[in-house]
Amino acid sequence: MSVRPIVAVYPGSFDPVTLGHEDVARRTLCFCDRLIVAVAESSSQTKKTMFSVSERLELMKAVFAGQPRITCVSFTGLLVHFAEQAGARFIIRGLRAVSDFEYEFQMAQMNRELRGDMETLFLAPEVEHSFLSASLVREVASMGGDVSRFVSAPVLDRLRGLSNSRAE
Ligand code: PNS
């Protein structure tokens with residue numbers, strides 16, 4: 001009897017991917033066989049992103065280059081449709097604080113309405129990442145602050161490249 005692999009999708013804007021996101025993705029590998037990190041072209045919150053979807057995906061691929069069980073892709077349209085096509089049954093989301101809860105709960109419930117057998121699992125990041133958000137990283141980096149403790153080297157290089165090109 002062949003056992004179906006457990007596949008999960010970790011969706012987000014990832015603008016840019018932070019060490020908090022990386023932590024959540026790696027934790028997922030403890031109970032999933034395969035994780036698909038899904039970079040959304042646009043978010044429900046219709047945010048204007050700092051990086052294009054292809055740049056965000058490229059950074060994600062660089063960050064998880066050494067992880068054969070993690071695949072990085074971008075997607076458009078409904079997450080549940082994407083997850084279904086990808087053969088995933090679980091949606092992974094990081095939950096940092098109570099302030100995240102309302103938004104996350106609404107999305108989880110809506111996704112369940114749209115596809116009843118899709119479970120959203122919330123993972124708490126390492127406590128040292130519990131304050132970390134991509135929006136704060138963007139803000140600090142764009143004002144010349146040091147974000148080297150919050151993002152991996154490829155992301156740091158890209159953020160530095162961006163602020164250097166603005167300064168020129
Ligand atoms: O990192 P974010 O911006 O909080 O991620 C939000 C994201 C991309 C997971 C959410 O906006 C999403 O799933 N977008 C795809 C469109 C969709 O399925 N919308 C209905 C969500 S209930």
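Where in the chain is the place of Gln67? Gln67 sits in the loop that runs between α2 (53-63) and β3 (70-75), where helices (H or I, at least four residues) and strands (E, at least two) are DSSP runs numbered from the N terminus.

1. **Basis of the note.** This is a predicted model, in which local features need pLDDT of at least 70 and side-chain atom pairs count only at pLDDT 80 or more, while totals for chains, interfaces and linings use all residues. Residues are numbered from 1 along each chain as its sequence is written, and side-chain values use heavy atoms, with hydrogens and water left out.

2. **The overall fold.** The protein chain has six helices and five strands, and, read from the N terminus on, its elements follow the order β-α-β-α-β-α-β-α-β-α-α. Among contacts (heavy atoms within 4.5 Å) between residues at least 6 apart in sequence, 78% join residues at least 24 apart.

3. **Dimensions.** Along its principal axes, the C-alpha trace of the protein chain spans about 60 × 35 × 30 Å. A compact globule with 168 residues would have a radius of gyration near 15 Å, and the 16 Å of the protein chain agrees with this; the radius is taken over C-alpha atoms, and the globule rule is 2.2 Å times the number of residues to the power 0.38.

4. The mean positions of the 19 positive and 20 negative charges are 2 Å apart, with Lys and Arg counted as positive, Asp and Glu as negative, and His and the chain ends not counted. Each charge is placed at NZ of Lys, CZ of Arg, CG of Asp or CD of Glu.

5. **Gln67 and its surroundings.** Gln67 counts as partly exposed because its relative accessibility is 22%. When residues up to four places away in sequence are not counted, Gln67 touches Arg26 and Leu29. Gln67 and Asp15 are 52 residues apart in sequence, and their C-alpha atoms are 20 Å apart in space.

6. Nine salt bridges are found in a search of the whole structure, each being a side-chain nitrogen of Lys or Arg within 4 Å of a carboxyl oxygen of Asp or Glu. In one of them, the side chains of Glu126 and Arg27 meet at 2.8 Å, N to O. Glu126 lies in the loop between β5 (119-123) and α5 (134-142), and Arg27 in helix α1 (residues 19-28), so this pair ties together parts that are 99 residues apart in sequence. Glu126 is partly exposed at 35% relative accessibility, and Arg27 is also partly exposed, with a relative accessible area of 30%. Asp23, Arg27 and Glu126 are linked in a network of salt bridges.

7. **Two further salt bridges.** The side chains of Glu119 and Arg112 meet at 3.0 Å, N to O, in a salt bridge; Glu119 is partly exposed at 27%, and Arg112 is partly exposed at 39%. Asp117 forms a salt bridge with Arg115, in which the closest N and O atoms are 2.7 Å apart. Asp117 counts as partly exposed at 41% relative accessibility, whereas Arg115 is buried, with a relative accessible area of 14%.

8. Phe14 lies in the loop between β1 and α1, and its phi is near 50°, a positive value in a residue other than glycine. Phe14 counts as buried because its relative accessibility is 4%. Pro16 is found in the loop between β1 (7-12) and α1, and the peptide bond from Asp15 to Pro16 is cis, with omega near 0°.

9. **A buried strand residue.** Ile92 lies in strand β4 (residues 90-94) and counts as buried at 0% relative accessibility. Leaving aside neighbours within four places in sequence, the contacts of Ile92 include Val9, Val24, Phe31 and Leu121. Ile92 and Cys72 are 20 residues apart along the chain, and their C-alpha atoms are separated by 14 Å.

Conventions. Buried means under 20% relative accessible area, exposed over 50%, partly exposed in between (1.4 Å probe, protein chains only).
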